[in-house]
Amino acid sequence: MARKRLVVGNWKMYITSPEEASAFAVSLRRKARTIPGVEVLLAPPFTLLPTVADALHSAPIQVGAQTISAFDEPKHTGDVSASMLKEIGVSFVIVGHSERRAAGETEDAIHKQIVRAGEAGLTTILCVGEKEREEAGGHFSVISNQISSALKNLSSKGAKKLIIAYEPVWAIGKSAQDALRPQDLQEMVIFIKKNLAETLERKVAMSVPILYGGSVEGANARDLIAQSGVSGFLVGHASTKLETFLEIIKSVRRDSR
Ligand code: PGA
């Protein structure tokens, strides 16, 4: 049976109030039930995690965090550890988002976060992406370096709970016409699979889902999924309005054409 497709909503700091978050989650829960074959995941900011986890309790929609601490010992003021998240019902975490890399997160910290997530039994969505595309193809080595440094020595248990999100930084936060073209995405998906096969056990590597993120909207989701070989999407701004998020979820169904 074909693997389910994935749509992950990354709310960033767009949705801020518990009331709005709860109403969104309750409606999503009701509406997504009628869209089979798609796994929906939601990553609200830390403050809204308990509210959203509560509203989605026992629903087939996973709740995740947008980052985690690279540490597991308690002396880290302001940090939130993987095990703390696990305790409130979180099942996945986004690691290495370009907005966090831009704020100073290092390759070493990203690697440690993946280790911590694995120890707590959380699924990791590792974001990789180049700042700009180069004629000479330099963006491929950026991706290759990000993958090898983040995933070095990853246990096969950790690798089985890994998802890669390819998010070219230049395509984030714009609109559908500024997103990557399906043929360029297809080329990158093949390149990422090859890199994973060199870093992880080959069989496990081939089963790692690869998502695309960067200006995914209802208008481009269908073509991107049909022509590129990705397993789904990591969606930012369009995941914060129920209508646009549902439009994307519907368009990734295998029978949506
Ligand atoms: P966007 O963000 O969909 O708003 O481009 C994607 C992301 O940053 O994960």
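Begin with the residues that line the largest pocket, which divide by class into 8 nonpolar, 3 polar and 5 charged, where Ala, Val, Leu, Ile, Met, Phe, Trp, Tyr, Cys and Pro count as nonpolar, Asp, Glu, Lys and Arg as charged, and the others, Gly among them, as polar. The model is predicted, with local features needing pLDDT of at least 70 and side-chain atom pairs counting only at pLDDT 80 or more, while totals for chains, interfaces and linings use all residues. Residues are numbered from 1 along each chain as its sequence is written, and side-chain values use heavy atoms, with hydrogens and water left out.

Stay with the pocket and select R3, T123, K160, I163 and P209, which lie nearest its centre among the 16 lining residues. Here a pocket is an open set of points on a 1 Å grid over the protein atoms alone, with protein on both sides within 12 Å along at least five of seven lines, whereas in a cavity a 1.4 Å probe fits but cannot get out; lining residues have an atom within 4 Å of a point. Then colour β2 (38–43), α7 (156–160) and β6 (162–166), each of which supplies at least two residues of the lining of the largest pocket. The volume of the largest pocket is about 220 Å³.

Next, turn to the cavity. A search of the whole structure finds 1 cavity of 30 Å³ or more, and the largest cavity has a volume of about 110 Å³. Select K12, I172, G214, V235 and G236, which lie nearest the centre of this cavity among its 15 lining residues.

Now show the ligand, which sits in the largest cavity, meaning that more than half of its atoms lie within 2 Å of the grid points. The residues around the ligand include N10, K12, H97 and L234, each with a heavy atom within 4 Å of it.

Notes: Grid points are joined across faces, edges and corners, and a volume is the space filled by probe spheres set on the points. Helices (H or I, at least four residues) and strands (E, at least two) are DSSP runs, numbered from the N terminus.
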